[in-house]
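Open the model in your viewer and keep the sequence panel beside it. The tour goes from one selection to the next and says what is found at each stop.

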Amino acid sequence: MTPQSSSASPSHKTPSAEGHGQSGNRSSSQCLVVMYHYVRDTEPFSSHGISGLTTRLFRQQLDTLCAHFEPIDWPTFYAWTKGKADIGPRSFLVTFDDGLKDHVQTVTPILHEYGLRGVFFVSGQPLASQMMLTAHMLHLLLAHLGETHLQQALRSYLKQHAPERDWWATLDCVKAVNMYHYESVSRAHLKYFVNVALPVELTRHALENIFQAHIGSPRRWSQHWYLSWDDLSAMQSEGHTIGGHGFSHNPLAGMSLPDQWHDIKRSARLLHDGLGADQRPFSYPFGSFTQATTDLVQQAGFAQAFSTNRSLVASNAGLFDLPRVDTIDVDAVIHEIDLCQTH
Ligand SMILES: [Zn+2]
């Protein structure tokens with residue numbers, strides 16, 4: 001199906017906060033949208049340099065955010081970006097990517113302590129076919145095998161199953177380091193190689209093969225790795241927002257337009273069928289999108305979309321290219337804001 005051939009679009013409910021303005025000047029207000037992934041205390045992710053937080057650091061960051069900003073939920077944020085509500089001059093919204101089990105086990109209980117409501121972006125594949133996403137197989141393999149052994153296993157798989165090309169020669173080292181600026185150079189190269197440079201099907205086959213050999217069945221792992229439909233329904237009924245994060249979680253900018261459309265539309269339909277026709281936001285997997293992608297996300301029925309561009313959201317921001325700040329950059333951004341205000 002092509003974007004042009006579809007006129008189907010989910011019916012939408014009006015966000016509950018629309019029209020319920022708070023005090024503040026809409027044109028000068030700004031919102032810090034924070035992006036999180038792992039929030040857990042257990043190994044392997046609290047101490048291996050993988051973008052994640054322990055619950056202690058998560059609480060500490062929420063304390064900092066609450067001290068500097070006023071929390072808002074997504075319906076309020078959405079109404080503000082549409083010019084239908086005012087927010088305080090400095091607000092913040094918390095978002096969580098990848099539909100990880102952490103989000104129901106550790107995140108929502110803490111958000112409830114603080115009286116906060118978050119946005120949770122989930123990919124379709126784990127919900128539809130109980131498969132691990134390649135990004136998470138990579139994280140687990142890095143934690144279990146280490147960088148050197150994983151690289152050896154990958155080289156050996158590619159040599160055996162895809163010998164027609166020197167795949168490592170296709171790696172763009174500058175882009176790799178820009179995208180994974182929070183990682184060591186060698187790890188940034190490896191993550192970029194697997195997540196972006198290799199063809200997606202080859203990546204999936206290689207990682208599933210290595211995962212099966214060293215860790216276990218990817219299908220069995222996915223059952224305790226990701227949020228279930230029951231988790232998502234419960235989170236939604238508690239006032240959190242569930243948004244789309246692609247179906248396959250592959251970088252959209254690297255796909256043909258028909259493939260992008262197929263992936264985005266499947267994500268929209270799955271959430272519509274599983275959780276109802278509420279308006280939902282979208283976040284681009286790996287922050288990867290083009291102008292054409294933004295049109296497809298809109299045509300698929302999503303209300304707005306978040307990128308990973310590091311900036312605050314202004315009231316006149318484009319609805320399908322909304323910036324977010326990664327958890328590891330929050331302190332630096334607050335420091336920059338404070339510096340601006342004292343000059
Ligand atoms: Zn993601």
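In which loop does Phe286 lie? Select Phe286 to find out: the loop runs between β8 (281-283) and α13 (291-299). What you have open is a predicted model, and the backbone at this residue has a positive phi of about 60° although Phe286 is not a glycine. Is Phe286 buried or exposed? Phe286 counts as buried because 22 other C-beta atoms lie within 10 Å, where 20 or more are needed.

**Whole chain**

Zoom out and colour by secondary structure. The protein has 14 helices and 11 strands. Of its 343 residues, 43% count as buried. Among contacts between residues at least 6 apart in sequence, 71% join residues at least 24 apart.

Now colour by pLDDT. The mean for the protein is 88, and 89% of its residues reach 70 or more. Select residues 1-24, where the pLDDT is below 50; this stretch has 50 contacts in the model beyond near neighbours in sequence. Where pLDDT is low, the predicted coordinates should not be read in detail.

**Helices α1 and α3**

Select residues 55-68 (α1) and 102-114 (α3). These two helices pack at an angle of about 35°, with their axes 11 Å apart, and their crossing is right-handed. Show side chains for the residues that make the contact: Thr55, Phe58, Arg59, Leu62 and Cys66 on α1, and Thr106, Ile110 and Tyr114 on α3. By type, the residues of this contact divide into 5 nonpolar, 2 polar and 1 charged.

Stay on Tyr114, in helix α3. Leaving aside neighbours within four places in sequence, Tyr114 is in contact with Leu62 and Cys66. Tyr114 is classed as partly exposed because it has 14 other C-beta atoms within 10 Å, and buried would take 20 or more. Draw a distance from Tyr114 to Pro71: the two are 43 residues apart along the chain, and their C-alpha atoms are separated by 9.8 Å.

**Arg117**

Move along to Arg117, in the loop between α3 and β6 (119-122). Arg117 is buried, with 21 other C-beta atoms within 10 Å. Which residues does Arg117 touch, not counting those up to four places away in sequence? Select Asp73, Leu111, Gly239 and His240. For Gly239, the C-alpha to C-alpha distance from Arg117 is 6.3 Å, although the two are 122 residues apart in sequence.

**Gln130**

Next, select Gln130, in the loop between α4 (124-129) and α5. Gln130 has a positive phi of about 50°, and it is not a glycine. Gln130 counts as partly exposed because it has 16 C-beta neighbours inside 10 Å.

**Helix α8**

Finish with residues 185-197, helix α8. How far apart are the end C-alpha atoms of this helix of 13 residues? They are only 16 Å apart, short of the 18 Å that a straight helix would reach at 1.5 Å a residue.

Highlight the buried residues of α8, which are His189, Leu190, Lys191, Tyr192, Phe193, Val194, Asn195 and Val196.

How values were computed:
Residues are numbered from 1 along each chain as its sequence is written. This is a predicted model: local features need pLDDT of at least 70, side-chain atom pairs count only at pLDDT 80 or more; totals for chains, interfaces and linings use all residues. Helices (H or I, at least four residues) and strands (E, at least two) are DSSP runs, numbered from the N terminus. A residue is buried if 20 or more other C-beta atoms lie within 10 Å of its own, exposed if 12 or fewer, and partly exposed in between; C-beta atoms are placed from the backbone. Two residues are in contact if their C-beta atoms, placed from the backbone, lie within 7 Å. Axes are lines fitted to C-alpha atoms, for helices over the stretch in contact, and angles run from 0 to 180 degrees between N-to-C directions. A crossing is left-handed if the near helix is turned anticlockwise from the far one by less than a right angle, and right-handed if clockwise. Ala, Val, Leu, Ile, Met, Phe, Trp, Tyr, Cys and Pro count as nonpolar, Asp, Glu, Lys and Arg as charged, and the others, Gly among them, as polar. pLDDT is the predictor's confidence in each residue, from 0 to 100. The expected span of a helix is 1.5 Å times one less than its number of residues.
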